[in-house]
Amino acid sequence: MGDEIIQLGFKTIEVWPKGQEAEICGDPSIRKTVFTDIQEYHPRLVSKILEFEEHHRLRKRYSRGAGGAKILNLSQWVSAEAELINARAMSLFKRVLACEQAVVDLSWANVYRTGDYCMPHSHLRSTASVVYCLDPGDEDPEDAHSGRFCFVDPRLHNCCREQDGCMTEPFLPGMSSGTMIIFPSQLVHAVNPYTGKRPRIMLSWNINKNALPGTPQPVNPEQGV
């Protein structure tokens, strides 16, 4: 599992770098890892996504509350950088769930512009969801929660510090550039309204141990991170 490599131009990049760990993040069901080699693939991947956002058949935009513009299906991007990060998402799934196979049911990028956000939701047809921060966007000195990914689920203790089962505060795992998290797809999560000017770019996957029957449904307009 640790020997897989991807060729980026003249460089060979390990899918799962030696010593890379996925640590518990606030709850045992949520794991988090941070990749430090992001300069090897982020610039070209960001350029590719912004090019798609401008005009491409894979681009979808629904409403401000649906997570900005979506670019679907990383496997169709014809990009070694997308191939690398897609392989890393599947590797994280296999490591955390201790399984030999990972099958992506859906994958997409979200490009948030000023005023975009994502309403609380869970993901269908999926065992676990993976989220990767490509660019967190601009910080807002007047709103520390601007554009922040968060869990708002009454099953999580970190959301229910006052009383079990009562969601009184969001759990914000903190996602700097290069951060990847994995969590059960049924957990309710959201993204706060983004107030920055630089595009905020996230990648998402819904993954299972085995392929599901039927064809994956399009991304629900309210789903995205």
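Two strands count as paired if DSSP finds at least two bridges between them. With that in hand, let us walk through this structure, which is a predicted model.

Strand E5 is joined to strand E6, residues 69-72, by 3 bridges, and the two run antiparallel. Within this pairing, lysine 60 stands opposite lysine 70 of E6. E7 and E13 are joined by 9 bridges and run antiparallel. While you are looking at E7, notice how covered this strand is: 8 of its 10 residues are buried.

Now step back to see the sheet to which these strands belong. The sheet is open and has 8 strands, in the order E3-E4-E11-E9-E13-E7-E6-E5, with antiparallel pairing. Which strands stand at the edges? They are E3 (23-25) and E5 (59-61); each has a single partner strand, so one side of each is left without a neighbour in the sheet. From one strand to the next, the twist averages 30°. As background, strands of a sheet pair through backbone hydrogen bonds, either parallel or antiparallel.

Two helices pack on this sheet. Helix H1, made of residues 42-54, touches E5, E6, E7 (103-112), E9 (128-135) and E13 (200-208). The direction of H1 makes about 100° with that of E9. Helix H2, residues 80-97, packs on the sheet too, touching E4 (27-34), E7, E9, E11 (179-184) and E13. For H2, the angle to the direction of E11 is about 45°.

E10 pairs with strand E12, residues 189-191, over 3 bridges in the antiparallel sense, and cysteine 150 stands opposite alanine 190 in E12.

The loops are worth a visit as well. Between E4 and H1 you will find isoleucine 38. Is isoleucine 38 buried or exposed? Its relative accessible area is 14%, and a residue under 20% counts as buried, so isoleucine 38 is buried. Leaving aside neighbours within four places in sequence, isoleucine 38 is in contact with Pro43, Tyr132, Ser177 and Gly178. Isoleucine 38 and methionine 202 are 164 residues apart in sequence, while their C-alpha atoms are 14 Å apart in space.

Further along, valine 78 lies in the loop between E6 and H2. Its relative accessible area is 77%, and the cut-off for exposed is over 50%, so valine 78 is exposed. The phi angle of valine 78 is near 50°, a positive value in a residue other than glycine.

The loop between E8 and E9 holds arginine 125 and threonine 127. Arginine 125 has a phi near 55°, again a positive value in a residue other than glycine, and is partly exposed, with a relative accessible area of 24%. Threonine 127 is partly exposed, with a relative accessible area of 36%. Not counting residues up to four places away in sequence, threonine 127 touches Phe93, Leu97, Pro184, Ser185, Gln186, Ile207 and Asn208.

Our last stop is the largest pocket, with a volume of about 290 Å³. Its lining consists of 16 residues, and those lying nearest its centre are Pro136, Glu139, Ala144, Ser146 and Arg148. By class, the lining has 6 nonpolar, 4 polar and 6 charged residues.

Key: Residues are numbered from 1 along each chain as its sequence is written. This is a predicted model: local features need pLDDT of at least 70, side-chain atom pairs count only at pLDDT 80 or more; totals for chains, interfaces and linings use all residues. Side-chain values use heavy atoms; hydrogens and water are left out. Helices (H or I, at least four residues) and strands (E, at least two) are DSSP runs, numbered from the N terminus. Axes are lines fitted to C-alpha atoms, for helices over the stretch in contact, and angles run from 0 to 180 degrees between N-to-C directions. Contact means heavy atoms within 4.5 Å. On a 1 Å grid over the protein atoms alone, a cavity is a set of points where a 1.4 Å probe fits but cannot get out, and a pocket is an open set with protein on both sides within 12 Å along at least five of seven lines; lining residues have an atom within 4 Å of a point. Grid points are joined across faces, edges and corners, and a volume is the space filled by probe spheres set on the points. Ala, Val, Leu, Ile, Met, Phe, Trp, Tyr, Cys and Pro count as nonpolar, Asp, Glu, Lys and Arg as charged, and the others, Gly among them, as polar. Buried means under 20% relative accessible area, exposed over 50%, partly exposed in between (1.4 Å probe, protein chains only).
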